[in-house]
Amino acid sequence: MSDLLKNIDARTRLAGTNKLEILLFSLGADPRTGRRETFGINVFKVREVMRTPAVTAAPEMPSSVEGMVSLRGTLVPVVDLAKYAGVGLDAKREIMIVTEYNGHTQGFLVEAVDTILRLDWSQMRVPPQMLAAKLGGLVTAVTELPNGELVMMLDVEKVLSETTGYDDDHLFKGIEPIENPEATVLYADDSSVARNQIARTLDVLGVKGIVAVNGRMAWDELQKLAIVADSTGRKVKDLVGVVLTDIEMPEMDGYILTKKIKSDPRFEGVPVLMHSSLSGMSNQQLGLSVGVDEYVPKFEPQRLSSTLRRLLSKGNSNAAAA
């Protein structure tokens, strides 16, 4: 099983090329259809795959949280993805995928892992609205294998938010509004949890938001803003103060979106703030190499609000000086 993830460092070089590799896994039979569906998780976020060790149960935890294990001296919470998703409840979860998000490590129990698939983000499609609503936003993207089988990417951030309580009200306390009624942020993220948290942060700041579910949609919104700016004799930076983008998104990732913004003179002066659970220094450095102005980890509204305040105030002062 260790061969499955060997040379994982080399895989990080895919970042910035609009490509990714996903680890395919199954949770068991869906009780509604009897089928074993295939799911995927970005390899960037996988530390290792192992046989499920003995799990120590913890009291007063959500039903899908099995407990914790000790990995090389570190206590790691364990989430049963089958229980969380409501599928494969009769299957043995003998495999644990160890992942890292925002510097936090956790294990996900699954029935089996299959292989690693390399593909372009443009091959990852936003799920139909009906499917997204039915699954409660749990699936962020869908891709099709050569044999016609569909692979669903799970919103791991949603799983973690609902099993660990990242999105608590206290995270937003003390954030003061910005005294700029025209301040606007265009934000792109495929995770419904992340979008909701960004929207809450902007609401507390008193800042307008334009939402997109991926980089392609954000780019389309910027094209519309460019047309409005041109027709009114203004600059795009007068209409949108900051572009806030995730890294991993179907159809167009945050790196490619940033490259397109920074190479287009119409968007001169519009800062790009990268907002991701890929918190490693290599990802931050790659973001800087494609023109990202600043980087803020996800699920930290205080840091996000202070950075937005600074960038929006800077843009406002520049506009006043002009």
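Visitor: In which sense do β4 and strand β5 (residues 74-80) pair, and over how many bridges?

Guide: The model is a predicted one, in which local features need pLDDT of at least 70, side-chain atom pairs count only at pLDDT 80 or more, and totals for chains, interfaces and linings use all residues. Residues are numbered from 1 along each chain as its sequence is written, and side-chain values use heavy atoms, with hydrogens and water left out.

β4 and β5 pair in the antiparallel sense over six bridges, where two strands pair if DSSP finds at least two bridges between them, and where helices (H or I, at least four residues) and strands (E, at least two) are DSSP runs numbered from the N terminus. Across this pairing, methionine 68 faces proline 77 of β5. The two strands form a hairpin with two residues between them, and arginine 72 takes a positive phi near 50 degrees there.

The pair belongs to an open sheet of five strands, whose order is β3-β6-β7-β5-β4 and whose pairing is mixed. At its edges stand β3 (46-51) and β4 (65-71), each with a single partner strand, so one side of each is left without a neighbour in the sheet. From one strand to the next, the twist of this sheet averages 30 degrees, with axes taken as lines fitted to C-alpha atoms (for helices over the stretch in contact) and angles running from 0 to 180 degrees between N-to-C directions.

Helix α4 (residues 156-164) packs on this sheet, where the helix touches β4, β5, β6 (95-101) and β7 (104-110), and its direction makes about 105 degrees with that of β7; contact here means heavy atoms within 4.5 Å.

β7 is mostly covered, for six of its seven residues are buried, where buried means under 20% relative accessible area, exposed over 50%, and partly exposed in between (1.4 Å probe, protein chains only).

Two packed helices are described by the angle between their axes and the distance between the axes. For α4 and helix α5 (residues 192-205) the angle is about 65 degrees and the axes are 7 Å apart. The two helices are therefore roughly perpendicular to each other, given that angles under 35 degrees count as roughly parallel, over 145 as roughly antiparallel, 65 to 115 as roughly perpendicular and the rest as oblique. Their contact is made by Glu157, Lys158 and Ser161 on the α4 side and by Ser192, Val193 and Ala194 on the α5 side. These residues divide into two nonpolar, two polar and two charged, with Ala, Val, Leu, Ile, Met, Phe, Trp, Tyr, Cys and Pro counted as nonpolar, Asp, Glu, Lys and Arg as charged, and the others, Gly among them, as polar.

The interior can be traced as well. A nonpolar core is a set of buried Ala, Val, Leu, Ile, Met, Phe, Trp, Tyr and Cys residues joined through side-chain atoms within 4.5 Å. The largest such core has 28 residues, and those with the most contacts inside it are Leu23, Phe25, Leu27 and Leu81. Not counting residues up to four places away in sequence, leucine 27 touches residues including Phe39, Leu81, Leu109 and Val110. Apart from this core lies another, of 27 residues, among them Leu186, Trp219, Ala226 and Val236.

A further open sheet of five strands, also with mixed pairing, has the order β8-β1-β2-β10-β9. In this sheet, strand β1 (residues 19-29) and strand β2 (residues 36-42) pair in the antiparallel sense over six bridges, and the bridge partner of leucine 23 in β2 is isoleucine 41. For the chain as a whole, the secondary structure comes to 10 helices and 15 strands, and buried residues make up 52% of the 322 residues.
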